[in-house]
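Let's take a walk through this one together, going from the overall layout down to a couple of local details. Have the viewer open and turn the model as you read.

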Amino acid sequence: MNSKQSRGSIVWAAVLAFGILLSACGGASQPSASSGVKEGSETPVLTFWAALNGNASSVVKSLDDIPMVKEWQRRTNVDFQFIHPVSTSNSDVMQQFNVMLASNELPDVMQLQWTGIQGGAAKMYNDGTIMKLNDLIEAHAPNLKKIIDEYPSIAKQLMADNGDIYVFPDLKVGEYGKYKTFAGLMIRQDWLDELGLPQPETVDEWETVLRTIKEKKGIIPFTANKNRLFGTKDSSDFLGAYGLGQSFYVDNGKVKYGPMEPRFKDYLVRMQSWYKEGLIDPDYATNDSKLMDSRVSSGQAAAFFGYIGSSMGTYVPALQQADPAARLAAVQFPVLNKGEKPLFVPAQWEFTGIGAVLSATNKHPEETIKALDYLFSPEGSMLKNFGIEGETYTLENGQPIYTDLILNNPDNLSVSQAMAKYFIANYSFIGPADDRYNDQYYTIPEQKEAIKRYAEYADNAYRVMMPPVSLTTEEADEFGSIMNDIETYRSEFVTKIIMGSEPVASFDTMVAQFEKMKIGRAIEIQQAALDRYNSR
Amino acid sequence: MRLLRDIAKHKAIYFMILPMVLYYIIFKYVPMYGSIIAFQDFRVAKGIGGSDWAGLKHFIAFFDSVYFFRVLKNTLLISLYNLVFGFPVPILFAILLNEIRNRLFKSVVQTVSYLPHFISLVVICGLIISFTSRDGVINSLIAFFGGERSALLGDPANFRTIYVISQIWQEMGWSSIIYLAALSGINPEIYEAAKVDGAGRFRQIWSITLPSLVPVITILLILRIGGMMEVGFEKIILLYNPNTYETADVISSFVYRKGLAEGAEYSFTTAVGLFQAVINFILLIGANTFSRRLSDNRLW
């Protein structure tokens with residue numbers, strides 16, 4: 001063999017191999033976060049990190065493109081430089097937030113669901129990454145201060161155990177902040193009518209309804225997707241009927257963990273039998289939300305868990321295009337025995353946990369707080385929820401009514417898109433929410449009915465829901481690492497049981513495994529946090 | 001001294017290698033400093049310098065974890081299947097391509113086989129998901145032959161098969177480039193001599209083509225074995241679901257879930273990553289030593 005040539009080919013091959021290695025390592029860049037004052041002006045420039053809601057991302061590139069946000073900055077004399085995570089999905093937002101946190105280069109203002117992150121905002125304060133807001137609110141946020149003074153229950157939700165406030169909140173408060181339940185079970189009402197079935201109230205009635213629909217319509221009636229797996233911490237189906245929370249809940253002042261309770265086994269028995277019988281979608285664990293959307297809108301499914309705004313708002317028009325008689329209706333949250341009142345209603349607290357924090361490196365905390373507080377003022381609240389008077393709404397008898405720019409958009413935008421293009425009403429953002437937006441947003445009669453039906457027992461939820469407690473840094477670390485393992489184990493095991501690859505009898509194995517993974521300690525931590533919360 | 005003289009003599013070559021050296025220093029060696037947090041209770045605000053030391057706590061927590069054996073087993077199995085089924089394919093493909101005499105046909109086949117490599121992984125996984133779904137192409141085939149439709153990705157028994165087959169499809173063409181380059185380096189005179197001696201096509205492949213490829217094959221095999229503990233998390237997390245964790249959850253997806261997606265256990269996940277790197281290092285040295293003893297082909 002010609003040795004010179006073969007060596008040449010090996011070198012050539014090695015160069016290629018490196019090239020492949022290189023091409024495998026993509027680079028990622030982070031927007032650099034800095035704060036400062038624009039040259040030659042008094043307007044402070046503040047970087048503002050927030051996930052862009054899906055409604056908004058379909059019509060604007062940045063919150064800065066929204067006229068209401070421009071007007072808000074003009075009136076409060078600040079200049080927000082918005083930074084948005086690339087994707088709007090919750091797990092991607094969390095991932096980008098964690099990466100940003102690890103880089104330790106933080107924007108001046110950050111908005112997120114703080115109760116969703118390990119240790120919450122309190123941990124970030126203890127780590128020294130964000131500011132405490134009490135004194136700033138006292139001195140520069142008269143509007144929020146008024147609310148805190150007026151509603152002790154809201155003050156309790158906002159405060160950490162030691163009385164600190166870290167988050168400038170998104171709130172549902174007062175006369176126009178009563179709607180707190182926006183999602184629930186929905187069913188094809190036209191099929192119920194056709195088959196002569198009443199709306200199901202109990203789990204047994206649900207079974208009858210689903211079975212009849214399966215037989216008469218030849219479809220698999222109940223669908224779901226992998227973001228709301230049956231029996232997991234994101235479960236939004238029949239778990240509540242069994243008197244169980246998705247995860248931790250309160251039973252007469254005692255913290256309990258839903259999947260450890262004996263009734264959870266009853267739930268599993270039922271779901272397993274439904275799965276086996278073909279009453280629930282056999283692919284629910286692999287369905288993404290798009291697949292689920294297409295099942296519902298093409299009439300291949302009859303019942304599901306959905307949102308009044310986004311689900312009903314898109315499914316009903318889609319269904320009616322093919323079949324004008326198609327109707328969806330909200331069903332009251334199920335119970336086990338006839339006459340019982342639903343307890344586990346997915347209601348929200350006044351403070352949803354969403355809000356803004358100020359990073360410790362913010363150089364203009366005073367101006368920032370003033371600007372944020374403006375949204376709680378009467379004019380600010382109108383601006384946030386209804387936009388600019390004369391353009392997006394007019395006042396009739398003192399009530400704001402959206403103009404045709406929103407309700408019959410000339411560019412053929414849907415109502416939710418038109419809203420998202422001009423102001424911030426149909427998703428969570430700092431400041432007060434306003435029910436009068438919902439009344440006009442829900443244009444379909446089924447939606448107006450749904451918001452009332454779901455609200456009927458919403459107050460019951462506050463008896464069993466875990467309030468927004470806060471954990472110490474050490475507790476949060478320990479709790480996080482325990483629950484991470486447990487929730488992974490649980491979602492896997494429960495899914496197997498429901499799909500029938502594990503017998504229901506393994507429930508006891510699962511509970512034993514929870515105990516081995518120190519669920520006892522996790523409950524203890526939550527109980528201590530609840531006790532501290534109650535004595536705030 | 002000798003190095004300096006050598007640099008002075010071959011300025012251009014050293015200049016060309018500079019970007020690669022810088023790349024490795026900046027992106028591979030400097031970040032190693034961050035591995036320190038595996039031995040700390042890392043707090044972002046305190047930084048690497050200020051966080052408290054935790055010793056081997058996080059390593060012990062990983063070895064004690066109920067998931068330790070499972071993620072280890074899944075990682076090794078997926079790597080092994082990838083190696084056993086995936087490694088020979090580009091070699092065969094390159095040899096087959098090399099035998100094709102029609103230039104146009106050859107380059108069309110080559111280009112088509114590279115394509116999947118350049119498609120974004122998210123799109124690839126989207127394709128895989130829709131192919132394997134209940135109404136997908138594969139199920140239609142199964143139903144046509146009398147089988148029953150099922151969500152293929154929902155069954156833990158199928159996960160590794162789907163992963164490995166799609167991996168082969170993705171990388172077959174691209175990986176064959178190296179072998180094609182090596183093949184083009186074989187002196188045609190050898191083939192001519194063989195023909196004169198009466199060797200047929202297969203005889204030529206067996207006695208000339210394959211032996212010429214052995215050095216490249218060995219080097220790539222050693223590199224592959226050095227990466228046994230590494231299965232990228234992106235494709236896994238795009239394809240798995242809680243029902244298939246049992247066969248699908250690998251070290252990197254476990255680290256992703258714990259460190260980025262659900263929790264922010266930076267120190268713990270760094271410890272896991274470090275463990276993975278150490279095992280890879282041992283495997284690489286082992287494979288290299290083995291190969292050096294057995295033949296003379298080696299990385300260093």
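Before anything else, a word on domains: the bounds used here come from an automatic or database domain assignment. Keep in mind, too, that what you're looking at is a predicted model.

With that in hand, chain A splits into domain 1, made of 40-176 + 351-434, and domain 2, made of 183-344 + 469-534. Taken over C-alpha atoms, the centres of domain 1 and domain 2 of chain A sit 31 Å apart. Where the two touch, domain 1 of chain A puts in 10 residues and domain 2 of chain A puts in 8 residues. On the domain 1 side, helix α5 of chain A (residues 120-127) gives the most, with 4 residues. And what is that side of domain 1 of chain A like by class? Count 6 polar, 2 nonpolar and 2 charged residues.

Now for a sheet. Look for β9, β6 and β10 of chain A, which line up in the order β9-β6-β10 as an open sheet of 3 strands with antiparallel pairing. Which strands form the edges? They are β9 (303-307) and β10 (328-330) of chain A, each pairing on one side only. From one strand to the next, the twist averages 40 degrees. Zoom in on the pairing of β6 (residues 183-188) with β10 in chain A: the two run antiparallel and share 3 bridges. For a handy landmark, find I187(A), whose bridge partner in β10(A) is A329(A).

Last stop: a pair of helices. Helix α21 (residues 473-499) and helix α23 (residues 519-534), both of chain A, have axes that come within 10 Å and cross at roughly 135 degrees. Roughly antiparallel would take an angle over 145 degrees, so α21(A) counts as oblique to α23(A). The crossing of α21(A) past α23(A) is left-handed.

Who does the touching? From α21(A) come E475(A), E478(A), F479(A), I482(A), M483(A) and I486(A), and they meet I519(A), R521(A), A522(A) and I525(A) in α23(A). Sorted by class, the residues in this contact of α21(A) with α23(A) are 7 nonpolar and 3 charged, with no polar ones.

Notes. Residues numbered from 1 in each chain as written. Chains lettered and ligands numbered in written order. Predicted model: local features only at pLDDT ≥ 70, side-chain atom pairs only at ≥ 80, totals over all residues. Pairing = 2+ DSSP bridges. Axes fitted to C-alpha atoms, helices over the stretch in contact; angles between N-to-C directions. Parallel < 35°, antiparallel > 145°, perpendicular 65-115°, else oblique. Left-handed = near helix turned anticlockwise from the far one by under 90°. Contact = placed C-beta atoms within 7 Å. Nonpolar A, V, L, I, M, F, W, Y, C, P; charged D, E, K, R; others polar.
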